[in-house]
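Thanks for coming. I will take one chain today, a few features at a time. Please look at the screen.

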Amino acid sequence: MEPVNRPVQRLIVVALALVLLVPVGALGISQLLNPGGQEEQASENAADPGNPENRPTADPAEQPPRPDLPRPEEPAELTEQSEAGAEATLTYLLGSYDYMMSSGDISVWEDKVDPNCQVCVTFLQNAEQLAAQDGYLTGGAFEVHSTSFAGTGEPPATGTVTAQFTQEASILVDDPSLQANALDEVTGQLIATVAWDGERWRVTDMSIAPPEGAASDAGGAAG
C-alpha cells in the first residue's frame, strides 16, 4: 500500500481533531482535499484574526450543552503484545475521542500515542486548545465497523492497523460567544502505524484514506 499524500494526511487533523490551533473554522472534507481552496480561505480569514470566519455572535447560554460523558474504560487488550492488542488500541482511541473533545481530558490518548507522532501530538494540542477556549464538541462519536492488523515479528513489535469507521454528525462549540459549527457525519478508513513500547501499543502515525477516486496517488487505500 502506497502512503497517502500530504493533503489527505492533513484531512485527519481537521476531520477528526475538528479544531485547528489557528482558528480557521470547520472545514469540510471537500475543501481539505482541495489545498488551493484551503489556502484561499486562510488568506481571507487573515483579514480578521479575532473572528476569521466573520461568524455571528451567540449567547453562550443558548449554545448546545456540553456533554457529560463518562471516561471510557480501558480494555485489558491494550497491554497485550498481540494483534488483538494493536487493534484494541486504535479502537479505544476512536471510541474515546468524543469524551476527550468534550471534556478536555487528554489522558485517554496520551499514553497510547508516540510523543514523536506529529499528527497525534496535534490531536492532543487541539483538545487542550479547545478546552482552554472553553469550547467543546457535542456528538461526534465513532462507530468502528471493522479492524485489521498487519505486523512484523512474533509476537509482533510493529505493524499497521486499519479501521473502517463512521463518525456521527456533531456540533463544535469552539468559542461559546460565536455561532457553533455543525459538522457532517464522516465515513472512512483510518490507517495507523503502531509500535510495542515494552508495556503497551502506541500509535506512531495516522492518516485517512481518501474516498475512492478522490486522490489517484493514494494507493487505492479506500475500502
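Cysteine 117 and cysteine 120 form a disulfide, with 2.2 Å between their sulfur atoms. The rule used here takes a disulfide to be a pair of cysteine sulfur atoms within 2.5 Å, and by that rule the count comes to one. As a reminder, a disulfide is a covalent bond between the sulfur atoms of two cysteines. The torsion about the S-S bond of cysteine 117 and cysteine 120 is about 65°, so this disulfide is right-handed.

Before going further, a word on the source. This is a predicted model, in which local features need pLDDT of at least 70 and side-chain atom pairs count only at pLDDT 80 or more, while totals for chains, interfaces and linings use all residues. Residues are numbered from 1 along each chain as its sequence is written, and side-chain values use heavy atoms, with hydrogens and water left out.

Are the two cysteines buried or exposed? Cysteine 117 counts as buried at 0% relative accessibility, and cysteine 120 counts as buried, also at 0%. Buried means under 20% relative accessible area, exposed over 50%, and partly exposed in between, with a 1.4 Å probe and protein chains only.

Now helix 7, residues 118-132. Helices (H or I, at least four residues) and strands (E, at least two) are DSSP runs, numbered from the N terminus. The expected span of a helix is 1.5 Å times one less than its number of residues. For the 15 residues of helix 7 that gives 21 Å, and the end C-alpha atoms are 21 Å apart, so the two agree. Buried residues in helix 7 include Val119, Cys120, Phe123 and Ala127. In general, an α-helix has 3.6 residues a turn, so residues three or four places apart point the same way. Just after helix 7, aspartate 134 takes a positive phi of about 60°.

Four strands form an open sheet in the order 2-3-6-7, with antiparallel pairing. Strand 2 (142-152) and strand 7 (201-209) are the edge strands, each pairing on one side only. Two strands pair if DSSP finds at least two bridges between them. From one strand to the next the twist averages 20°. How many bridges join strand 6 and strand 7? There are eight, in the antiparallel sense. Valine 194 has valine 203, in strand 7, as its bridge partner. Helix 4 (residues 83-95) packs on this sheet and touches strand 2, strand 3 (158-167), strand 6 and strand 7. The direction of helix 4 makes about 145° with that of strand 2. Axes here are lines fitted to C-alpha atoms, for helices over the stretch in contact, and angles run from 0 to 180 degrees between N-to-C directions.

Two residues in the sheet strands. Glycine 188 lies in strand 6 (residues 186-196) and counts as buried at 15% relative accessibility. Leaving out residues up to four places away in sequence, glycine 188 touches Ala163, Gln164 and Phe165; contact means heavy atoms within 4.5 Å. Glutamine 167 is in strand 3 and is buried, with a relative accessible area of 3%. A polar atom of the glutamine 167 side chain lies 3.2 Å from the backbone oxygen of glycine 140.

Last, the whole chain. It has seven helices and seven strands. Buried residues make up 43% of its 223 residues.

How values were computed:
A polar contact is a pair of N or O atoms within 3.5 Å; within protein, one must be able to donate a hydrogen and the other to accept it, and residues adjacent in sequence count only if both atoms are side-chain atoms.
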